[in-house]
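Open the model in your viewer and show it as a cartoon. The stops below each give a selection and say what is found there.

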Amino acid sequence: ALGWLFDLGLRDASKMALVFLSGAWLLMFLPLPARPRAVAEDLWRLSFALDLMLRASLMGLYRTQPDSALVLEAIGNTSEVEAWEFMHHNAARLGLYVLLGLGFAAVALESRRRRRCIGSHAPRRWRLAMLMLLFAALHVNSTLRASNPFASWWTQATGYKDYQAHIGLLAAIREASAKRVEPLDVRYDGPARNTLAFVIGESVNRNDWSLYGYGRTTSPLLQRRAGELVVFRDVLAAYPATVGAVQMMLTCKDRHSLPGAEPLCPSVTMLAKAAGYKTFWISNQHDRYINKRFAQEADVRQLVNTGGRRGDRSLDERLGPAWQAALDDPAPRKLIIVHLLGAHPNYADRRPDAFARFNGIGDSVSRRLRQEGRMPWIVAQRDEYDNALLYHDHVVAGLLEKFVRVPGEGPRNFLYTSDHGQEVGHTRNYAGHTDELPGYEVPMLLWTSTPMERAERDELAARPYQNDLLEWTLLDLLGISIKGGEPWHSVVGPAFRESPRGLGWGG
Ligand SMILES: [Zn+2]
């Protein structure tokens, strides 16, 4: 009943109940001495309490199951600081699920303790055999087996071990994908000098940018440049979590690939190198997977976020010197990829104090949130989120400012988008990653040194696009073509064709 109440779904909750009860029943009648049996029974009950707590919190926070690719990746790829930030960010909700687990555990343990006269009901041998048979039969079905915490945690642990082993194999995967560059017959068709900067924001929902019409002035500096930008109005993220999103933006992996699948095709960085580009990877993300897989491919790597301790804020402005050095580099052709920390939860850690402008200001935005029934702590989270975005505007506009000022011939393009969005009370009482629409509605901006008519800019900005196809836009801006290329997937290309789009993190 608790499982059903906490949104696990009637079917999954019933399976859990069936396995729990049959196991509890069997343990009750096993011919064991009293003490070991009591320990075994308590262990059985406690593990279901813990499992219920974990399942309910994953369902409540992320609408997902423990064995999804998302959870596997997040746990396999999370640093200690991020884990603390996660607990801080979700403290209230997590507290509720801990209470749920404790309540269930208390009832389950107490009910065993209060039971009487078990000895006098000792079953006959055939009845015990039937119970054992029932319990075993339940475990033949894989989904029922997964309802037994001992079985599902074992599978889970194996999954994490495989993920760690996979990270260890990334160097070999990189080499294997490098071998696939040559058959693609990479061609560069452009002027001698060419620069593309690709700036990846983090957890930015475009509906919270004043550049996209939000009621709070969260992007004043970018708005000042709006007349020189293509502000794409209708872009969806590839995937609502960082690793999957970056994989899909930089490689042939797309929405239709398996969520946990490793893309073996060469990334945009590798193709750019083959076309004579000098490549840079500048990152403020402490990400074991991305830094090992993609940053390693670049000629120049600047990873400024080394994890640090809890409470260390690695603000995105730390990337400034590395950015300037890349802009000053004399190489004729450059691809500069920047991976920001943006507005990743915990929001309050993403900006310096001077940017705390929206806390408790009680404006039309907070009034509307309250009217829509959002809890006070969600409204407070929204204020912090908008502070983080205000600082993000300062960071992105600062990068652009320096980029625009670099003198030199040859086309220069600056493309900005976010890996995915974020729900902060937009549709429900929740703040964080989500695989619903707020997790996908990202901003995208292009500044180009190539002169462009207003009408042409507006036409590009209106194109509906999803970022799992972004590698084709990047290759287009780089002037690179490959065998079997799909240039109609470039959102800035003359051959652009609209493709079907969708949501869902699968797994
Ligand atoms: Zn992300």
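Start with strands S4 (residues 278–283) and S6, which run parallel and are joined by six bridges. Strands here are DSSP runs (E, at least two residues), and helices are DSSP runs (H or I, at least four residues), both numbered from the N terminus. Within this pair, Lys 278 has Lys 334 in S6 as its bridge partner.

This is a predicted model, in which local features need pLDDT of at least 70 and side-chain atom pairs count only at pLDDT 80 or more, while totals for chains, interfaces and linings use all residues. Residues are numbered from 1 along each chain as its sequence is written, and side-chain values use heavy atoms, with hydrogens and water left out.

Ala 197 has Ile 336 as its bridge partner in S6, and Leu 196 stands opposite Leu 335.

Buried means under 20% relative accessible area, exposed over 50%, and partly exposed in between (1.4 Å probe, protein chains only). In a regular strand the side chains alternate between the two faces of the sheet. On one side of S6 are Arg 333, Leu 335, Ile 337 and His 339, and on the other Lys 334, Ile 336 and Val 338, all of them buried.

Two strands pair if DSSP finds at least two bridges between them.

Move to helix H12, residues 242–250. Nine of its nine residues are buried, so H12 is largely enclosed by the rest of the structure. Among them are Thr 242, Gly 244, Gln 247 and Met 249.

Finally, colour the chain by domain: the assignment, automatic or from a database, gives domain 1 (2–166) and domain 2 (194–489). Their contact (heavy atoms within 4.5 Å) takes 21 residues from domain 1 and 28 residues from domain 2. The C-alpha centres of domain 1 and domain 2 lie 40 Å apart.
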